[in-house]
Amino acid sequence: MITVCRIEELPPGESLRITDGVPAPIAVFNADGTIYAVDDTCTHQDASLADGWLEGCFVECPLHTALFDLRTGMPTCAPAKTPVRTHQVSVENGHILLHISVGEPA
Amino acid sequence: MKHITVVGASLAGLSTVRSLRAEGYDGAVTVVGEERHAPYDRPPLSKEFLLGDVDAAALALGDADEDEALAADWVLGERAVGLDTADRSLTLASGRRLRTDGVVIATGASPRALPGAEHLTGIHTLRTLDDAQALRDALRGGFAPRVVVIGAGFIGAEVASTARRLGADVTVVEAAETPLERQLGREMAEIVASLHADNGVRLLRGTGVAGFTGDSAVTGVRLADGRLLPADVVVVGVGVRPTTDWLAGTGVRVDDGVVCDAGCATDVPGVVAVGDVARCPHPFTGRHARIEHWSNATDQARTAARTLLTGAPAVPPATAPYFWSDQYGVRIQMAGHVPAGAVPEIVEGDVEERSFVAVYRYGEAASPVAALALNRAKLFNRLRRTLAPATTTAVA
Ligand SMILES: Cc1cc2nc3c(=O)[nH]c(=O)nc-3n(C[C@H](O)[C@H](O)[C@H](O)COP(=O)(O)OP(=O)(O)OC[C@H]3O[C@@H](n4cnc5c(N)ncnc54)[C@H](O)[C@@H]3O)c2cc1C
Ligand code: FES
């Protein structure tokens, strides 16, 4: 488990890329008050989803606009075909905590 | 409509099949493709694939599950050579005839060649997987080759960058004083051009090519000013021509591409065109020009599918055209259209660090008409949504 930041450091509509203490970069989003975390690298080609456009609980890849559902990691349109791995997040004492999943994406 | 035939089995063709199915079309679909490969992604051909980071399998645009869902009949390794619009049939090079109700022209573009290259080995163009495989073999031959790239457009610049990463000695020869000036405007094009020198690649500007030297294998490039550049590998990246030769005499109007309305409809009912081959008026740029970019092929596919199924020209979304390019580890992203007189302003980052976002403003209202980013995807993706067509801002 790692501490991402204080909750006020990630306001709604914002995203962060975590690279320290994780096996592969993780993107953390505040989608209208709900915090989500997924693997940061798009499953299509080489782009960082933390740089993407957040729309509800979906993030649009900044390179070729594949859309991923942050709740499940599933892509909803081409060109991505495989899901991104999702990670558990919780908020405790005003801090966002990240619980990294291991193994294959669902 | 009971049977639709798509000619060209690449990004535009496959995307149109996807859109036809998404729109609820459940009739027969046949896709005819000249290449023997199932649809694959071209952008990595000058980037990760050429470098050797990914193999051909990673380039596939579709997969088995999707293939099954799309239920199309793929006729690969076959070229369409004729279209009879009166009796609605296509003729293939093998002589086979296909009857069809609707036709999607998605035959893309082919690289322009330079005279004098025909009889020499070692002179490459880059469009197909087979081209990329041949160039990759030539660049990774086990010694540091001398590479001359002719043309500093996006593909030329990407090949130069990848060849450099592979350890080659690279010279780029460009006819214009400032490469990519038309796309990026002079000031920003100069910054992008400086990536070559930053990375130890020579860029010769305002330089024409007179011919090649060598008996069977190329040994050098003769410049218009008489200089000779020794070369083991030459890559010609001087632009493309729309692949429309097969449409000669068919009644489909061709003039630098298949001439279409904004809904991708041609002059012939039931025949639409998409992707690099299609010349449609663009609602954002206001220009009636072909757009040779990946996103354009996917955007137009939706419009073309609707037009074909409804019989009335569909209205395309007026979103800013977008493309990207990866050069020397720098991701370049560009959206919108830069009219003459648009002024770029750096809104974030630092030009010296090759990491910045510029917004181009135009007209009295100084409206944002285009955005360019080097290694700054996040702000770029916010700004690209705020762009407005220069045509409407000019009037306002
Ligand atoms: C090396 C390279 C790098 C690129 N990088 C980028 C990039 O970074 N960013 C970007 O935005 N764009 C990039 N592009 C452009 C992008 O790939 C094209 O815009 C896109 O491929 C256009 O798709 P298309 O289906 O219209 O045409 P094409 O991909 O050209 O496909 C046309 C297909 O039709 C087939 N065909 C032609 N004639 C016939 C016939 N008579 N019968 C049957 N089949 C036929 C051809 O064999 C071909 O397979 C790049 C292109 C190349 C070549
Ligand atoms: S890299 Fe994300 S959609 Fe292509």
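**Strands, ligand and domains**

Modeller: Happy to. In chain B, strand 11 (residues 169-173) and strand 12 of chain B pair in the parallel sense over three bridges. Strands here are DSSP E runs of at least two residues, and helices are H or I runs of at least four, numbered from the N terminus; two strands pair if DSSP finds at least two bridges between them. This is a predicted model, where local features need pLDDT of at least 70, side-chain atom pairs count only at pLDDT 80 or more, and totals for chains, interfaces and linings use all residues. Residues are numbered from 1 along each chain as its sequence is written, chains are lettered from A and ligands numbered from 1 in the order in which they are written, and side-chain values use heavy atoms, leaving out hydrogens and water.

Colleague: Which residue is the bridge partner of B:Val173?

Modeller: B:Leu204, in strand 12 of chain B.

Colleague: And what is the strand order in the open sheet of five strands?

Modeller: The order is 9-16-10-11-12 in chain B, with parallel pairing. At the edges sit strand 9 (123-124) and strand 12 (202-204) of chain B, each pairing on one side only.

Colleague: Switching topic: how many residues surround ligand 1?

Modeller: 33, counting a residue if one of its heavy atoms lies within 4 Å. The closest are B:Ser10, B:Glu35, B:Arg42, B:Lys47 and B:Arg127. By class, the shell has 14 nonpolar, nine polar and ten charged residues; Gly counts as polar, while Tyr and Cys count as nonpolar.

Colleague: Which domains of chain B does the shell draw on?

Modeller: At least three residues come from each of domain 1 (3-110 + 240-310) and domain 2 (113-236) of chain B. Those bounds come from an automatic or database domain assignment.

Colleague: What does B:Glu35 do at the ligand?

Modeller: One of the polar side-chain atoms of B:Glu35 lies 2.6 Å from an oxygen atom of ligand 1. For B:Asp276, a side-chain N or O atom is 2.8 Å from a ligand 1 oxygen. The cut-off for a polar contact is a pair of N or O atoms within 3.5 Å.

Colleague: How much of ligand 1 is buried by the protein?

Modeller: 95% of the 1000 Å² that ligand 1 exposes when taken alone, using Shrake-Rupley areas with a 1.4 Å probe.

Colleague: Last one: where does UniProt place the Rieske domain?

Modeller: The unreviewed entry puts "domain: Rieske" at residues 2-98 of chain A, though such annotations may be inferred rather than shown by experiment. Over residues 2-98, chain A is 0% helix and 42% strand, and the end C-alpha atoms are 5 Å apart.

Conventions: A polar contact is a pair of N or O atoms within 3.5 Å; within protein, one must be able to donate a hydrogen and the other to accept it, and residues adjacent in sequence count only if both atoms are side-chain atoms.
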